[in-house]
Amino acid sequence: MAPCPACGCASAGGDAAHRIVDALRVDDLDRAIDAGLLDDIDCPACSDACRALLADARLARRTALAARERFRDRALRLAQRQRERDARRAPASAAASLPPAAAAALARAKARAAQRKPE
């Protein structure tokens, strides 16, 4: 059991919170998250300032993670819209968009036009 690096509290019940605070003080966010930063871990014996530091760091991390998730969701929505837009803008072949009789008439007209062209 190590004392809290922020306030010196030596409460055995706050050991997990002390590890998180220790990681935060050296700006090791990965270690703080692994120690339980995103969980509701607290040390009731720590000073108000120390508990506020932990609560603020937890809130900031949760906010950042939520923002990242919203950004990823938005990127997926935008990509889907772009795919749909590209599909709508893709040129449809003339034969595919015409009824069969009209497509056959168009093919005959193109054939006649090709025969009339001087080479």
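A: Arg62 is partly exposed, with a relative accessibility of 37% (buried means under 20% relative accessible area, exposed over 50%, and partly exposed in between, with a 1.4 Å probe and protein chains only). This is a predicted model, in which local features need pLDDT of at least 70 and side-chain atom pairs count only at pLDDT 80 or more, while totals for chains, interfaces and linings use all residues. Residues are numbered from 1 along each chain as its sequence is written, and side-chain values use heavy atoms, with hydrogens and water left out.

The side chain of Arg62 meets that of Asp40 in a salt bridge, at 3.2 Å from N to O (a salt bridge is a side-chain nitrogen of Lys or Arg within 4 Å of a carboxyl oxygen of Asp or Glu). Arg62 belongs to helix 3 (residues 48-89), whereas Asp40 sits in the loop between helix 2 (29-35) and helix 3, so the pair ties together parts that are 22 residues apart in sequence. Helices (H or I, at least four residues) are DSSP runs, numbered from the N terminus. Asp40 counts as exposed, at 69% relative accessibility.

Another salt bridge joins Arg31 to Asp28, where the closest N and O atoms are 3.3 Å apart. Arg31 has a relative accessible area of 35% and is therefore partly exposed; Asp28, at 29%, counts as partly exposed too. Arg31 and Asp28 are part of a network of salt bridges that also links Asp22.

Helix 1 also contains His18. His18 is buried, with a relative accessible area of 3%. Not counting residues up to four places away in sequence, His18 touches Ala2, Pro3, Cys4, Pro5, Cys9, Ser11, Cys43 and Cys46 (contact means heavy atoms within 4.5 Å).

Note on methods: Helices (H or I, at least four residues) and strands (E, at least two) are DSSP runs, numbered from the N terminus.
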